[in-house]
Amino acid sequence: MIARPARVALVMALAFVAIPVSAEPPPETVREMEGLIDALRDSGCEFQRNGRWYDGGRAATHLRRKQAWLLERDLISSSEQFIERAGSRSSLTGRPYQVRCPGADPMPSARWLNETLESLRARTSPSR
């Protein structure tokens, strides 16, 4: 059996380790996430979640809500994680999200967001 002072120290040490330390994603990641959400909002495309289509404004609101939830729990450190954890599928049902743009067939939102991320990065690349 562990002596009382040692037990207290052990419990305190374990409690300290279990306390999450919140870390903001890098500024570039924050800019990219905002750029992705803004691009969807302004795209004229529709966003499907759980079988219903929403306009870009409603889609942006939904993604910002999921983004905030994930950031509060320190679960996003890259734009790719944002796409995977917030923009790809329903957290409740697991159903994949879709994006439908005028004149085009619907596509998985993960594909649309990753292609948009590539475009954002190409526009902000220092070599341009």
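Does Glu-34 count as buried, partly exposed or exposed, and at what relative accessibility? Here are a few notes on this predicted model, starting with that residue.

1. **Glu-34.** At 28% relative accessibility, Glu-34 counts as partly exposed, because that value lies between the 20% cut-off for buried and the 50% cut-off for exposed. Glu-34 sits in helix α2. Setting aside residues up to four places away in sequence, Glu-34 touches Arg-64 and Gln-67.

2. **The largest nonpolar core.** This core has 22 residues, and those touching the most other members are Leu-36, Leu-40, Phe-47, Phe-82, Val-99 and Trp-112. Two or more residues each come from α2 (27–42), α3 (56–72), α4 (79–87) and α5 (109–124).

3. **Leu-40.** Have a look at this core residue in your viewer. Beyond its neighbours within four places in sequence, Leu-40 is in contact with Phe-47, Gly-56, Ala-59, Leu-63, Val-99 and Trp-112.

4. **How α4 meets α5.** These two helices pack at an angle of about 155°, and their axes are 10 Å apart. The pair is therefore roughly antiparallel, since angles over 145 degrees count that way. Their crossing is right-handed.

5. **Who makes that contact.** From α4 come Ser-79, Glu-80, Ile-83 and Gly-87, while α5 supplies Ser-109, Ala-110, Leu-113, Asn-114, Leu-117 and Arg-121. By type, the residues of this contact split into four nonpolar, four polar and two charged.

Conventions: Residues numbered from 1 in each chain as written. Predicted model: local features only at pLDDT ≥ 70, side-chain atom pairs only at ≥ 80, totals over all residues. Heavy atoms only, no water. Core = buried A, V, L, I, M, F, W, Y, C linked by side-chain atoms within 4.5 Å. Buried < 20%, exposed > 50% of the residue type's maximum accessible area, 1.4 Å probe, protein only. Helix = DSSP H or I, 4+ residues; strand = E, 2+ residues; numbered from the N terminus. Contact = heavy atoms within 4.5 Å. Axes fitted to C-alpha atoms, helices over the stretch in contact; angles between N-to-C directions. Parallel < 35°, antiparallel > 145°, perpendicular 65-115°, else oblique. Left-handed = near helix turned anticlockwise from the far one by under 90°. Nonpolar A, V, L, I, M, F, W, Y, C, P; charged D, E, K, R; others polar.
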